[in-house]
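Student: I would like a close look at one part of this structure. Please take the salt bridges, then follow them into whatever they lead to.

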Amino acid sequence: MVTLLREDAQAVLAATRIRLLCLDLDGTLLDDEKNISDANRAAIARARRAGIAVAIASGRHPFSVEQVTEDLGIPACAVCLSGAYAVLGDVCVHACPLDGAVLESLIGCAERQGAYIAISGAGFNLTCGFIDR
């Protein structure tokens, strides 16, 4: 990424071919403390100046992704919940919710097995059980 986002003629050439930069969060854009490094901030700013749109692709919830886009000062453009939910600005442009009966069945199965389960949606995260690491 750094090579493509240098501040020179190559940046202009790259911008003619690259139109969108999608970034994962944990372990990619964010460090181990969940912070954005100065180098990553600078690279994103260079990409935007070169006309490249920046989006987030993450397993995280939309509200977590929104915190990152606000921190970066970029428009909210993200695929969240591992592809189950996508936002563009304040608008949900894709949602793939599970049927309530399916959710009840999954929860029942987890309870019978004594298993940990996490169920997430655009505005919630429900967990049940313990993770034994």
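Tutor: The count of salt bridges comes to three. Keep in mind that this is a predicted model.

Start with Asp 26. Its side chain meets that of Lys 34 in a salt bridge, at 3.0 Å from N to O. Asp 26 also pairs with Arg 60, where the closest N and O atoms are 2.7 Å apart. That pair ties together parts 34 residues apart in sequence, because Arg 60 lies in the loop between β2 and α3 while Asp 26 lies in the loop between β1 and α2. Is Asp 26 buried, partly exposed or exposed? Its relative accessible area is 32%, so it counts as partly exposed. Lys 34 is partly exposed as well, at 47% relative accessibility. In general, side chains of opposite charge can pair when their charged atoms come close.

Now the remaining pair. The side chains of Asp 71 and Arg 41 form a salt bridge, 2.8 Å from N to O. Asp 71 sits in helix α3 and Arg 41 in helix α2, so this pair ties together parts 30 residues apart in sequence. Asp 71 is partly exposed at 43% relative accessibility. Arg 41 is partly exposed too, at 29%.

That brings us to α3 itself. Which residues of α3 are buried? They are Pro 62, Ser 64, Val 65, Val 68, Thr 69 and Leu 72. Seen down the helix axis, these buried residues fall within an arc of 160 degrees, so they line one face of α3. The general rule behind such a face is simple: an α-helix has 3.6 residues a turn, so residues three or four places apart point the same way. The face of α3 turned away from the buried side carries the exposed residues Gln 67 and Glu 70. What covers the buried residues includes α2, β2, β3, β4 and β6 (residues 117-121). After α3 comes Gly 73, with a positive phi near 70 degrees.

Next, the core. The largest nonpolar core has 20 residues. Leu 23, Leu 25, Leu 29, Ile 44, Ile 56 and Leu 72 have the most contacts inside it. At least two core residues come from each of β1 (20-23), α2 (38-49), β2 (53-57), α3 (62-72), β3 (77-80) and β4. The largest share, three residues, is supplied by α3.

Leu 23 is found in strand β1. With a relative accessible area of 7%, Leu 23 is buried, because the cut-off is under 20%. Leu 25 touches Leu 30, Ile 56, Ala 57, Ser 58, Arg 60, Val 65 and Val 68, leaving out residues up to four places away in sequence. Among these is Arg 60, the salt-bridge partner of Asp 26.

Finally, the setting. The chain has four helices and seven strands. Buried residues make up 29% of its 133 residues. Of the contacts between residues at least 6 apart in sequence, 44% join residues at least 24 apart. On the surface, Leu 88, Val 91 and Val 93 form a nonpolar patch with about 280 Å² of accessible area together.

Key:
Residues are numbered from 1 along each chain as its sequence is written. This is a predicted model: local features need pLDDT of at least 70, side-chain atom pairs count only at pLDDT 80 or more; totals for chains, interfaces and linings use all residues. Side-chain values use heavy atoms; hydrogens and water are left out. Patches are made of residues with over 30% relative accessible area and no salt bridge: like charges are joined within 9 Å, nonpolar side chains (Val, Leu, Ile, Met, Phe, Trp, Tyr) within 5 Å. Accessible areas come from the Shrake-Rupley method with a 1.4 Å probe; for residues, only the protein chains shown count as cover. A salt bridge is a side-chain nitrogen of Lys or Arg within 4 Å of a carboxyl oxygen of Asp or Glu. A nonpolar core is a set of buried Ala, Val, Leu, Ile, Met, Phe, Trp, Tyr and Cys residues joined through side-chain atoms within 4.5 Å. Buried means under 20% relative accessible area, exposed over 50%, partly exposed in between (1.4 Å probe, protein chains only). Contact means heavy atoms within 4.5 Å. The arc is that of the directions from the helix axis to the C-beta atoms.
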